[in-house]
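Subject: Structure handover

Hi,

Here is the structure for your files. My notes follow below it.

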Amino acid sequence: MLISPAYIFDLIAGMALIAGIAVMFYFVGRKSRREKKYDERQSLARLKAYRAAFWTFVVLLAINAFVESTGDGYRWGDAIIEPFLFICAAITVFVVICIFEDAYFALNEKRSFYLWMFGIIAFANSFIFLGNIGNYNCAYIENGRVTFRAMNPVVLVMFAILFASLAIKALISRGKERERSRDEEGAS
Amino acid sequence: MKNLRLKAARAARDLSQQQLADLVGVSRQTINAIEMGDYNPTINLCVAVCRALGKTLDELFWAEESHT
């Protein structure tokens, strides 16, 4: 088989892009790891959240494998959307547990920034999702399978859950804070 | 079990939970969890809290035996 120069160029360009993204993630991750500091209770809570996220991922993979193996080769989604959905579910479990255990934010992080960021990402994805509904070139289901285009609604649901979790936790914390300061004022 | 001795020692120094947390280098929620008895701190954190409040480990963290 003769490999065309265009194919080789595309391959090299693709690999360079992946290498570039990996390098970017490494440096951004290293910077944020250096800046983020969690105390011992938070580290412990994050460990529990990691464990829950890991088992969520494993259970979803097992259920999916069972469903697809019993369905005579049936696959409900394409090769991208299936793992993407499970990864998003695991990340959602991790972040929601961390939020409710007061272990999501490092000691020097601001809650309001993340609340805005989650809200904006959810809103942007809902905009893309709603825009694509009437577009026949962007079908979410093709030949009975969910396509990779369903990544938008998946991300929308994930960030909507994260946004709601942050908002609920902020309300709970505000109520507790008020109660606590009333107690301390009463004691003094 | 609530750690009322820690709460009393903090109040005696006129420190808020946030101020004590900043002195010790943990989150306010962690100090609250210790006071409420929801979290058992490691010995390192206990020592840091004791140093910040000028108390001994016994005074703040030694659980008194209950006589039944």
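First, the pocket definition. On a 1 Å grid over the protein atoms alone, a pocket is an open set of points where a 1.4 Å probe fits, with protein on both sides within 12 Å along at least five of seven lines; lining residues have an atom within 4 Å of a point. Grid points are joined across faces, edges and corners, and a volume is the space filled by probe spheres set on the points.

The conventions come next. This is a predicted model, where local features need pLDDT of at least 70, side-chain atom pairs count only at pLDDT 80 or more, and totals for chains, interfaces and linings use all residues. Residues are numbered from 1 along each chain as its sequence is written, chains are lettered from A and ligands numbered from 1 in the order in which they are written, and side-chain values use heavy atoms, with hydrogens and water left out.

Pockets

The second largest pocket has a volume of about 510 Å³. Its lining has 22 residues. Nearest its centre lie Glu109(A), Arg111(A), Gln18(B), Arg28(B) and Gln29(B). Two or more lining residues come from each of helix 5 of chain A and helix 2 (17–24) and helix 3 of chain B. Helices here are DSSP runs (H or I, at least four residues), and strands are E runs of at least two, numbered from the N terminus. Helix 5 of chain A gives the most to this lining, with four residues. By class, the lining of the second largest pocket has nine nonpolar, six polar and seven charged residues. For these classes, Ala, Val, Leu, Ile, Met, Phe, Trp, Tyr, Cys and Pro count as nonpolar, Asp, Glu, Lys and Arg as charged, and the others, Gly among them, as polar.

The largest pocket has a volume of about 720 Å³. Its lining has 27 residues, and the closest to the centre are Lys176(A), Asn32(B), Ala33(B), Met36(B) and Asp38(B). Helix 2 and helix 5 of chain A, plus helix 1 (4–12) and helix 3 (28–36) of chain B, each supply at least two lining residues. The largest share, eight residues, is from helix 5 of chain A. Charged residues number 15 in this lining, beside eight nonpolar and four polar.

Met36(B) sits in helix 3 of chain B. Its relative accessible area is 35%, so Met36(B) is partly exposed. Buried means under 20% relative accessible area, exposed over 50%, partly exposed in between (1.4 Å probe, protein chains only). Beyond four places in sequence, Met36(B) is in contact (heavy atoms within 4.5 Å) with Met1(B) and Lys2(B).

Glu35(B) also belongs to helix 3 of chain B. Glu35(B) is buried, at 3% relative accessible area. Its contacts beyond four places in sequence are Lys2(B), Asn3(B), Leu6(B), Lys7(B), Arg10(B) and Gln17(B). Glu35(B) and Lys7(B) are 28 residues apart along the chain, yet their C-alpha atoms are separated by 6.2 Å.

Cores

A nonpolar core is a set of buried Ala, Val, Leu, Ile, Met, Phe, Trp, Tyr and Cys residues joined through side-chain atoms within 4.5 Å. The largest has 23 residues, and Tyr104(A), Phe118(A) and Phe159(A) have the most contacts inside it. Helix 2 (40–70), helix 3 (81–100), helix 4 (111–133) and helix 5 (151–187) of chain A each give this core two or more residues. Apart from it lies another core, of 17 residues, including Leu6(B), Ala21(B), Ile34(B) and Ala52(B).

Helix faces in chain B

In helix 4 (residues 43–53) of chain B, the buried residues are Leu45(B), Cys46(B), Val49(B), Cys50(B), Ala52(B) and Leu53(B). They fall within an arc of 165° seen down the helix axis, so they line one face of helix 4 of chain B. The arc is that of the directions from the helix axis to the C-beta atoms. The face turned away carries the exposed residues Ile43(B), Asn44(B) and Arg51(B). Cover for the buried residues includes helix 2 of chain A, along with helix 1, helix 2, helix 3 and helix 5 (57–61) of chain B.

Backbone

Asn143(A) has a positive phi of about 50°, although it is not a glycine. Asp14(B), also other than glycine, has a positive phi near 60°.

Best wishes
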